Amino acid sequence: MSLDPIDTSGFKPATLADQPQPMLIWADLSDLVIDRRYQRTVTAKGRCAIQRIADGFDWRKYQPILVAPTEGGKLAVVDGQHRAHAAALCGIEKLPAMTVPMTPTEQAAGFAAINRDRISMDAPTIYRAELAAGTPWAVACKDAVEAAGCKLATSNATASRKPPRTVYATNLIRRMVQNGEAAAVTSGLRAISESPAGEDVESYVGPVLSVWLPALATNQRFLLLDLPAIFDSVDILTMFDEARAKSRISGASAKSIVLGQVVCALNIAKGDAA
């Protein structure tokens, strides 16, 4: 277990501007209102999000909403309307909330700042957290990649610091494993690792894996072939360079062109092996 303290070394001290102090309260859902002057209406995508939150509502994964006192003794929801709707679906009557005195203009500015500055998590970071939580898909992805003698990255790195046999295509691996294609992931990565290009970092980049692994998944018999030799015979990055020129003429995506070429190479090898 690694437990680090809050470390501000290397940062420049900041001066806190004068501002009203927040309060933490239990807000009655019946007191919450949505100010449509700055809040989004709930779209179809938002409705799906609300239902998903409600179906899996868990206080251990809850973040307090942000509200501001408004006219009539109500509380305007500045951030968290999806969580508030989900709580209502669950029959929850009160929600933990942080309330800060704000004018409507300040509320709108707060809403914009929260959504503009919200830090989105990259796929490796999400995978790291899900793996620590023991989430089945993350464990299955780890097992599939490590069975090939490789590692699924738990954080991003610059190109110069990416070691060979480390895979950053988290979403691709997750999608294939959840589609029942873990064997293709393991066989494909093992083939790269055992090929002459196994020490080359570029062999594990997204464009290469995005066609090599799905190509193997199209036919279980491909997994019985001499895959290290076949991978060594196809220069996927060069194929992409050539396919981009073809795509401008044909209208087909470069990825689909290269995928077809790799499948063709595998079929030829399968025919030779028959």
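**Note on the predicted model**

1. Arg 248 is exposed, with a relative accessible area of 68%. The classes used here are buried for under 20% relative accessible area, exposed for over 50%, and partly exposed in between, with a 1.4 Å probe and protein chains only. Arg 248 sits in helix 10, residues 236-250. Helices (H or I, at least four residues) and strands (E, at least two) are DSSP runs, numbered from the N terminus.

2. Basis of the values. This is a predicted model, in which local features need pLDDT of at least 70 and side-chain atom pairs count only at pLDDT 80 or more, while totals for chains, interfaces and linings use all residues. Residues are numbered from 1 along each chain as its sequence is written, and side-chain values use heavy atoms, with hydrogens and water left out.

3. Overall form. The protein has 11 helices and 7 strands. Its radius of gyration is 25 Å, whereas a compact globule of 274 residues would have one near 19 Å. That radius is taken over C-alpha atoms, and the globule rule is 2.2 Å times the number of residues to the power 0.38. Along the principal axes, the C-alpha atoms fill a box of roughly 80 × 45 × 40 Å.

4. Surface and contacts. Of the 274 residues, 36% count as buried. The protein exposes about 16,700 Å², and carbon and sulfur atoms supply 55% of that area. Areas come from the Shrake-Rupley method with a 1.4 Å probe; for residues, only the protein chains shown count as cover. Among contacts (heavy atoms within 4.5 Å) between residues at least 6 apart in sequence, 71% join residues at least 24 apart.

5. Largest pocket. It holds about 950 Å³ of space. A pocket is an open set of points on a 1 Å grid over the protein atoms alone, where a 1.4 Å probe fits, with protein on both sides within 12 Å along at least five of seven lines; lining residues have an atom within 4 Å of a point. The lining has 28 residues, and Arg 52, Ile 53, Lys 61, Gln 63 and Arg 83 lie nearest the centre. Helix 1 (44-55), strand 4 (75-79), helix 2 (81-89) and helix 3 (104-117) each give two or more residues to this lining.

6. Thr 170 belongs to helix 6, residues 170-178. Thr 170 counts as buried because its relative accessibility is 3%. Leaving out residues up to four places away in sequence, Thr 170 touches Ala 123, Pro 124, Tyr 127, Leu 152 and Ala 153. Thr 186 is in helix 7, residues 182-194. At 11% relative accessibility, Thr 186 is also buried. With residues up to four places away again not counted, Thr 186 touches Ala 144, Ala 147 and Ala 148.

7. Two loop residues. Arg 165 lies between strand 6 (151-152) and strand 7 (166-167). Arg 165 is not a glycine, yet its phi is positive, about 70°. Most residues other than glycine have a negative phi. Ser 253 is in the loop between helix 10 and helix 11 (254-273). Ser 253 is partly exposed, at 41% relative accessible area. Ser 253 and Ala 243 are 10 residues apart in sequence, and their C-alpha atoms are 8.1 Å apart in space.

How values were computed:
Grid points are joined across faces, edges and corners, and a volume is the space filled by probe spheres set on the points.
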